[in-house]
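Reader: I have the model open now. Could we go through parts of it together?

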Amino acid sequence: MKHSTLISRRAVLRGLGATIVLPCLDILGGRTFAATQGKTDPPRLACFYIPGAIGRNGWFPKDTGRNYTLADSHKPLEKHRDQFSVLSNLRHIEGQISGHVFPYNWLTGHNINQIAGTITNTISMDQVAAQHLGPTWLPSMALSFRDGVGTSTLSRNALGVDIPAIGNHRTLFERLFPPADKAQLEAARARVALNRSVLDTAMGDVKSYRGKLTAMDKDRLDQYLESIREIEKRLIDSDKILQNGRPQFDESGVQTEPAGKNSMREHIELMTDLIALAFQTDMTRVVTHSLGGEGGPNYDEYKTWAKDAGAPMRGAHDYHHKGGQAPDPNNPDAKVITRRDEMFSACLARLMDKLAAIKATDGSLLDHTVLLFGGCQINSHSGKSFPTLLAGGRKLGFRHGQHLKWDGRKPMSDLYLTILTQLGCPVESFKESKGVLSELLA
Amino acid sequence: MSVVRVSVCVCILFASGIVFAEESGDTFLRDVQPMLSRYCFGCHGESKQTSGVRFDQLKQYRPQESPLWTKVHEAVSSGEMPPQDKPQPTAAQKAQLLNWIAARQREAAGTIRRLNRRETSAALRDLTGLSVQFADGLPGDGRVGGFDTGADGLQDAADSVAALMTVTRRAVDGIRFLEPSSGAIYQTILRASADPKKALDGWKAKGARAEPRGPMQKGKGLLMEPQWVGDRDSTDFILPVPPQGKGILRVTIDVSLYKPMPGLPNPKLWVSVSGKDIDHREITADFENPQVLTYEVQLEDLAIEARGVRVSISNRIEIPYSIDGFENEETNRPDEVVPGGTGWYRPKFDRKLPPEQKPAPYIVLQRVSIKMGYRTAWPTAPWKAGLAEITDSDASAKQLLSLWGQRAWRRPVSEKEQERFFALYQKLRGQRLSFDEALRAAFQSMLMSSGFRYLASPGDSDKTIAQHAIASRLSFMLWGAPPDSELLQLAAEGKLREPAVLDAQVDRLLADPRSDGFVRPFVLQWLEMEQPITIASTSLKKQDFRFARNLKDSMREETLAYIARLFVENKPARELIASDWTMMNDALAIHYGYKGVEGGLLRPIKLRADDPRGGGVLGHAGIQSMLTWMGSNWVIYRGAWTLRHILDDAPPPPPLEVPELNASEGSNKGKPFRELLKQHQEDVNCSVCHRKMDPMGFAFQNFDISGRWREVEHESYQMADLDGKIEWRGIGAERPVDAVGRLPRGEAFKSYEECKQLIIRHYLPDVMRGLLKNLVVYGTGRLPDVHDLALIKRILEQHESDGYPLRDVLKSLVRSEIFLGR
């Protein structure tokens, strides 16, 4: 019964705290949207942040070059060996910070603590990409283990302002996929038009208010004005997309599952399923995703790892302090962290499997997607060397299958510049970059 | 006495920096940079950034960097910087720098800020008359100095504004003018029903289901049986989902209490909708005068199951008890002394007994009414007075727009300002939208405008705007909500700068129950209480989590209620630190070992003279249990917290690469914690801050991990997981608690009590300065700059002789230029 599926989809996908289950959907015949249209595939970017310290005993391959020995933490990625590289010893130099605030500047490179008592920031690399890779239904998606700003999100806009992250699968699904059936499309377009009128009227008022303000107050108001302008622009883009229709698939198969599970693995897997779906259907081309916080959450996997490693029960934060800097590979806390890194690698491998299985016009979706996967600490609180993996993007000119290690004076911004350049963004530099990392390119 | 310490320096000084004159609005390059370069770059420049402070990249004064300049001003004017053993600037040079800072801070400061998430939600509730938690649809806010009201933290990205757009849409969609509320209604008056069960069965005809739990009694209603920990059943009402799953769900219930016998505790009513907790409250009303409770929930905020929207109501007992003739089920733990018996569970009784013989309190559900797609008629009753009847006419539209505008913008709105919105209304009518639909869109547009979104400055040159800005500042500070009619009236009369009027308003707002909207967010953020509270009682095993939650909540409420009373009853500042009373309810009384405190409501309780913790915030279980972590590093956390939040002597951030103090690594194994800390303090990187933090933290060693008093401590502690319940265990030898330490200026103490007395004798001005600085951030949205600090000093001097009574100090702040000036 058409009507009831419609209701349940809309009703069911809304909400807080619960997860959704994506069945194995046969979408677009296993091809990207561009492939179905016979067009060239656009580039995509997804950045995943590893919170806390990595387990350094398991993370670093013991040798470098193309014939490097795969490290324990990266074992789940073995079959994708030629599709990713391990990058060691990049870091922010001007932007070196310490403690638990790395999510603020991992992708921006800005020294947020330059002025004590305040946090200033600049645009994040993903948002530079988003400026050039659209337009799509969503210009970008900031995802996280929970909803929020500050350390929950990795993305900052052109003014350095936090872009709130979504931690909830249902909210994400609803935002990603506008209605597809005709009656709903009409209603959605009418709503878009109404929203534009509402904003337009409000904007006139805000502008006349701005005229009366002092310089600092103007700065504050400009964030709002800029955002309204951005939304108006998005509404115009949205209208076009609604008019053209979007890729369709059977959404009645999307089901709800009760909340209350506390598995990070499941959370990440479902998020990456949605990322793959979003890339395939071309609803967005840029994603950031924070894989957890610095002080938790204390998800269930930790219990298993602790049991297996013979470590005492602790909070996630404490495992990192105890294990993140233990030189002894047999230290039980260190083993727990390495298990966590393995899980992250497995999640990445799973996403790579999915992307590799989706056919693009030329090669696979993975070949058109850059996956940045890393964190800021190889030691608790340290920001002196960033553990980093880079995967995918063969058709964008990347050459993988190597462990590259620099001398500690190479800025992470060079990598960001390299990524942006290969994505086709017309930028000459990013933050403190000196040039592209040609070692990574074919 | 220096106020904020930037750092203690060990520096190598080398003057550097070739100065290029740059065109800029201020005289930074001419007057300031050369001096910084000469005296400061050595430790705060390119090669070294002691305490994370760096000057060499600054090229001009920027308002965002104002907090840095405040610190510079304090450090230089107090003589702390440059350090004594380094070259010193001349008095004239110093004066030039200090004057430059003061002048720049006055000229370049921002004065407006947007409403934060909490305030936006409250304002939308106030405007629409709906009790929906609109905040659930909005992103969180950045913090300044720990507060969600800080202007610089209240940013706007496009995604945040898109969320605001959605939420304001929901708010206006919740009101109606000419059109009726059209959603489905499910209703049964159980107490008046000849056959209550049958009446509920009748819901099936409308596609809904009622699943009552407990016996029905004719003339009364549904007797909801108590649930104990582990019980899952609740009385559920399952309703079909409206199209799109959107709109407001409104639930109204009449409930009363029925106790079959004396000695029973009051039960708590829990209400949730589709798994989301909406309310929990103690039920005390008798049958004749039931509590009438109404909840409004936005369906978009819910996780809705395939079965439908589920409204769950339950009766939960969150306190252990037993009464004569019915012993407690739990007899294994005679060491746990609980009033009326032992253990944590319910009394033993035969489940088959009729209700009037069961030793259990019932909640009687007398009426239930649920509406889907609810819309409230607007304007609500209090704002309707003097309004002509609404018709489908331009005149009505104008009148409603004007009223909405005044309320939404919290000030009079001129005809000219309204034109724009009326034009939108007319345009939409032309597109065949109904009166209601077109007006709702115009209303929403007003909500997206600056008048709603921004709080103006009390220093605005337009007197009307300035007066209304004071009204808003007062009400958002002391109620967390927009100003009411009385405040708006006083603003319109231009009276909100008169000291007597302001004093009377502070009294009025504080005395109103809405002042919870001040105390709760202010205290939670001031004392950084939004961290998980650890409870590690070995007695709270598998099934006690609900009791523990009740206890955790109560622990937090103790501190909130305690500080609320200090303000409302104008208590002197010393009672923040020490007193002979605290706020307690039944759960806290068990925790603290007091008898005869019944019910969940917190009330002032006089403490026993021999209670070693005494009164005062530092001894609250919620505070001390919050400041625990694994192992025994509590000393550091507790010390740092006390310096930062109570003594206004916040340690600077740790240096970039901090080694971990790891008690179980290598040579540290087996050493007492005090010895490790000493080692720590000798390390030159750590000593700067730890010399103060560690000795301060020892004052609280008598508080165990659940915030209870202890006389002995274990060598170490470990966390264990028992059937999903976390337990902390003391390991190794016991020893008497060592609470010997020092306050930051060196006063030595041998016990917690001595420490408190020393704080009262020597640190009350510091405590109050800290409190005032926090009130300034919270109330005005800016970190106090040098002008504010000078005024704070004056307020402190003024109250030195009367012992800083809290409400009077707050009044002095409100009357000052800090609050009224900008």
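Author: Strand 9 (residues 248–258) of chain B pairs with strand 16 of chain B in the antiparallel sense, over nine bridges. Two strands pair if DSSP finds at least two bridges between them. Helices (H or I, at least four residues) and strands (E, at least two) are DSSP runs, numbered from the N terminus. This is a predicted model, in which local features need pLDDT of at least 70 and side-chain atom pairs count only at pLDDT 80 or more, while totals for chains, interfaces and linings use all residues. Residues are numbered from 1 along each chain as its sequence is written, and chains are lettered from A and ligands numbered from 1 in the order in which they are written.

Reader: Which residue is the bridge partner of B:Val255 in strand 16 of chain B?

Author: The partner of B:Val255 is B:Leu365.

Reader: Which residue stands opposite B:Ile189 in strand 16 of chain B?

Author: B:Ile189 faces B:Arg367. Strand 3 (residues 185–189) of chain B pairs with strand 16 in the antiparallel sense over five bridges. Strand 6 (residues 221–224) of chain B also runs antiparallel to strand 16, joined by three bridges, and B:Met224 stands opposite B:Ile363 there.

Reader: How many residues of strand 16 of chain B are buried?

Author: Eight of the ten residues of strand 16 (residues 362–371) are buried, so the strand is largely enclosed by the rest of the structure. A residue is buried if 20 or more other C-beta atoms lie within 10 Å of its own, exposed if 12 or fewer, and partly exposed in between, with C-beta atoms placed from the backbone. Of the 822 residues of chain B, 49% count as buried.

Reader: Turning to chain A, why is strand 2 of chain A largely enclosed?

Author: Strand 2 (residues 44–53) of chain A is largely enclosed by the rest of the structure because ten of its ten residues are buried. Eight bridges pair strand 2 with strand 7 (residues 369–377) of chain A in the parallel sense, and A:Leu45 stands opposite A:Val370 in strand 7. Strand 6 (residues 286–290) of chain A runs parallel to strand 2, joined by five bridges; A:Ala46 has A:Val287 as its bridge partner in strand 6.

Reader: And where does helix 8 of chain A bend?

Author: Helix 8 bends by about 30 degrees at A:Leu221, the bend being the angle between axes fitted to the seven residues ending there and the seven starting there. Helix 8 (residues 215–244) has 30 residues and reaches 43 Å from its first C-alpha to its last, close to the 44 Å expected. The expected span is 1.5 Å times one less than the number of residues. Just after helix 8, A:Gly245 takes a positive phi of about 80 degrees.

Reader: What covers the buried residues of helix 8 of chain A?

Author: The cover includes helix 7 (182–210) of chain A, together with helix 4 (91–108), strand 1 (113–114), helix 6 (158–173) and helix 12 (450–453) of chain B. Among the buried residues of helix 8 are A:Tyr224, A:Ile228 and A:Leu242.

Reader: Back to chain B: at what angle do helix 13 and helix 15 of chain B pack?

Author: Helix 13 (residues 463–478) and helix 15 (residues 499–511) of chain B pack at an angle of about 35 degrees, with their axes 10 Å apart. Axes are lines fitted to C-alpha atoms, for helices over the stretch in contact, and angles run from 0 to 180 degrees between N-to-C directions.

Methods. Contact = placed C-beta atoms within 7 Å.
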